Amino acid sequence: IKGIKLQKGDTLRHKFLFVNKGEEQVEIMGYTTSCNCNKITVTKNILQLKDSAFVEMVMNTSDKLIGKDKITATLTTNGQRKYYFLSVAFEIEQKK
């Protein structure tokens, strides 16, 4: 995701839709983030066939520098595809 503009101190929130399109149950087993400032929430860890869940990335921009930046996370699953890379690019502007 690109092109998000925020003012310093705003909270960035972005939801990714995660859909099980496979033939078996999939479990979201864990995740890693690019920094401690990035919090992840998963609405459902086990997805049955054709089931879906939201993965939300939340970050407060108070400690971030003015300018362009991005946050990332990698989800780990037990499915055929083991890793999913999530990224949100944004720009922080000085508070007006």
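Begin by selecting Lys44, which is partly exposed, with a relative accessible area of 33%, and keep in mind throughout the tour that this is a predicted model. Asp51 counts as buried because its relative accessible area is 19%, and buried means under 20%. Side chains of opposite charge can pair when their charged atoms come close.

From there, move to Lys50, which sits in the loop between β5 (46-47) and β6 (52-60). Its phi is near 65 degrees, a positive value in a residue other than glycine, whereas most residues other than glycine have a negative phi. Lys50 is exposed, with a relative accessible area of 60%.

How many salt bridges does the structure hold? There are four, and another one of them to display joins the side chains of Glu93 and Lys5, at 4.0 Å from N to O. This pair links distant parts of the chain, with Glu93 in strand β8 (residues 83-93) and Lys5 in strand β1 (residues 4-7), 88 residues apart. Glu93 is partly exposed at 26% relative accessible area, while Lys5 is exposed at 55%.

Then select Asp69 and Lys64, whose side chains meet in a salt bridge of 3.7 Å, N to O; here Asp69 is partly exposed at 30%, and Lys64 is buried at 16%.

Finally, show the surface and select Leu17, Val19 and Phe54, which make a nonpolar surface patch of about 260 Å². Leu17 lies in strand β2 (residues 11-19) and, at 54% relative accessibility, counts as exposed.

Methods:
Residues numbered from 1 in each chain as written. Predicted model: local features only at pLDDT ≥ 70, side-chain atom pairs only at ≥ 80, totals over all residues. Heavy atoms only, no water. Patch = residues over 30% accessible without salt bridge, like charges linked within 9 Å, V, L, I, M, F, W, Y side chains within 5 Å. Areas by Shrake-Rupley, 256 points an atom, 1.4 Å probe, with all protein chains shown as cover. Helix = DSSP H or I, 4+ residues; strand = E, 2+ residues; numbered from the N terminus. Buried < 20%, exposed > 50% of the residue type's maximum accessible area, 1.4 Å probe, protein only.
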